Amino acid sequence: MKSVIKDPHLDPGKFLEIVHRSEIAGKLDILSHIFNNISKTHRCIRALKTVQAEHAAPQLYTTLHRRTCSSVSGPRITTHYTIHPRDKDPRWEGIEMERFADEADVVVVGGGPAGLSAAIRLKQLANEQEKELRVCLVEKASQIGAHTLSGACLEPSALNELIPDWKERGAPLNTPVTEDVFSILTEKHRIPVPMLPGLPMANHGNYIVRLGNFVRWLGEQAEELGVEIYPGYAASEVLFHEDGSVKGIATNDVGIAKDGSPKDVFERGMELHAKVTLFGEGCHGHLAKQLYKQFNLRENCEPQTYAIGLKELWTIDEKKWRPGRVEHSVGWPLNRNTYGGSFLYHLNEGEPLVALGFVIGLDYSNPYLSPFREFQRWKHHPFVAPTLEGGTRIAYGARALNEGGLQSIPKLTFPGGLLMGCSPGFMNVPKIKGTHTAMKSGMLAAETIFPKVTAESLDSDTTGLHVTEYADALKSSWVWKELHAVRNIRPSFHNYFGLYGGMVYTGVFYWVFRGKEPWTLKHCGLDANQLKPAKDCTPIEYPKPDGKISFDLLSSVALSGTNHEGDQPPHLTLKDDSVPVARNLAIYDGPEQRFCPAGVYEYVPLETGDGMRLQINAQNCVHCKTCDIKDPSQNINWVVPEGGGGPAYNGM
């Protein structure tokens, strides 16, 4: 099925750069360049047609598009080749499956804070030591920062180390924190909690940022240093040497129809080979899941536990705007045994803008709980609503967060590669911050692999370099010290008193003893295993949205800018198409309808009227990965869609 063409006259990296940077695929000057410089023009023209087809008619996402996948009683729901291999599909007979291959010293997967920090640090070291080093970074979003979403209150410690003159370089850190407010909410009232110095939630010295804008700026710094950045190309497959070490990655194929058959414009992805591949995909990465199994990386750690974070941007009445104010709350509308809380940040971006959101731990037990609707309900609290009244909501998004902390960090290195950033999970949960630790992990990755990849004689037991020094460097860094100090705060909430017991624990063992207790608490296991059967739970009655402060799901997803090429196999794949109705609906009343923040999953009546079927609206997916995490049957496997698809967050 797979062979590789290495053409000395073809520069695939240059070709991808030319195609991607063009505003309109198919311009005559690009075609001329291709004809003059690439011997295998027929292959490049096919690739151009694919890009042209994707970009010729951009869709204005004013309404929610539904792409229906049929039930198990009709055509199959899942048509993706990861479930139905192409070598067993007669429609693929005779289709050319060769891929171009390109070589780099280092390949970085993911254009987030970790990946870009690693790439920047590598090129800094190369320039300082006057060494040639080719660093290629691939990012599935159409633009750097387009899939980035966070609160975000940024601790600048790692940035100060990476780019000390960031202020002079115009980093978009415009809002230093000036005021910290923390509250426990009841249904009608607010109980203020003093923000004592030294508590994890204290934000003195931090900045309120729009993380997508910050990541875009990091991308500009990386390009100035010579990093080759290829947005719009999703890494879909890990490649291996014959000895089992990682060889690199392959980007996604394009031109596959929704039913899994090849289109006329089908084009294979390309391979990027490297001495070391750095995986910084973000939370619950598609390739990281494969690496966990391939190298048994989670053998000696606890299962990761997660949360879902939902966020909106609003413009508000200028009289209510307090730039630099940071507000956090716990309590209502959640009960004491559901972990979660809110944030509301006042940005100073030239207009009265606030970022607000809600985070809920995905270890909740009631299948009737809807994170999205809890978020909408929270906005009506008497302490929150006055800020939003008269304002305008301008953006919406959601993403999953790693919450396992130190206990859940897997083995970080393996022959040919390593994990960094939110992929293995370096988030400081009590702080609700992971950008600074992700950046530092990327920097340490760069510093430990640089001597290896630039050595004149490679000393390695495997073809792909195994840089174990990276894990040692992390354990000696402030990242590890920080995560160790807060390791027990998140699991301390698993007690009879829930929220209140966890807060008492935090006050005693963190604020007083700084996390030096000689024990490490455990989590409760996989989030997917925490749901109770619907018959044992009480349905939650949510109020209808008023269209002024609270909103319905469909209009919210429209504000995320989400779009995918409609005629492609749904990337929300099912290992078994019969499981959703037979188990999830029968036992848990279809919880994927509620935990998905984008309306991707629906149970609808069969056309015959004698049952239900699952409908997957894959075009709505905001790439949060919640379904892959929380599905009680662990039957959903999120894989990358065609590159460039997904949300288009504008500085979220």
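Modeller: The crossing of helix 4 with helix 10 is right-handed. This is a predicted model. Helix 4 covers residues 113–128 and helix 10 covers residues 435–453. Their axes come within 7 Å and cross at roughly 35 degrees.

Now the contact itself. Helix 4 contributes Pro-113, Ala-114, Ser-117, Ala-118, Arg-121, Leu-122, Leu-125 and Ala-126. Helix 10 contributes Thr-435, Ala-438, Met-439, Ser-441, Gly-442, Met-443, Ala-446, Glu-447, Ile-449 and Phe-450. By type, the contact residues are 12 nonpolar, four polar and two charged. Spacing along a helix matters here. An α-helix has 3.6 residues a turn, so residues three or four places apart point the same way.

Next, helix 10 on its own. Its 19 residues should span 27 Å at 1.5 Å a residue. The C-alpha atoms at its ends are 26 Å apart, which agrees. Helix 10 is also mostly covered, with 16 of its 19 residues buried.

The model has 15 aromatic pairs. In one of them, Phe-240 and Phe-295 are tilted, at 6.3 Å centre to centre and 55 degrees between the planes. Phe-240 lies in strand 11 and Phe-295 in helix 7, 55 residues apart. Phe-240 is partly exposed, because its relative accessible area is 33%, between the 20% and 50% cut-offs. Ring pairs also link Phe-240, Phe-279, Phe-295 and Phe-414 into a cluster.

Notes
Residues are numbered from 1 along each chain as its sequence is written. This is a predicted model: local features need pLDDT of at least 70, side-chain atom pairs count only at pLDDT 80 or more; totals for chains, interfaces and linings use all residues. Side-chain values use heavy atoms; hydrogens and water are left out. Axes are lines fitted to C-alpha atoms, for helices over the stretch in contact, and angles run from 0 to 180 degrees between N-to-C directions. Helices (H or I, at least four residues) and strands (E, at least two) are DSSP runs, numbered from the N terminus. A crossing is left-handed if the near helix is turned anticlockwise from the far one by less than a right angle, and right-handed if clockwise. Contact means heavy atoms within 4.5 Å. Ala, Val, Leu, Ile, Met, Phe, Trp, Tyr, Cys and Pro count as nonpolar, Asp, Glu, Lys and Arg as charged, and the others, Gly among them, as polar. The expected span of a helix is 1.5 Å times one less than its number of residues. Buried means under 20% relative accessible area, exposed over 50%, partly exposed in between (1.4 Å probe, protein chains only). Rings of Phe, Tyr and Trp (its six-membered ring) pair if their centres lie within 6.5 Å; planes under 30 degrees apart count as stacked, over 60 as edge-to-face and the rest as tilted.
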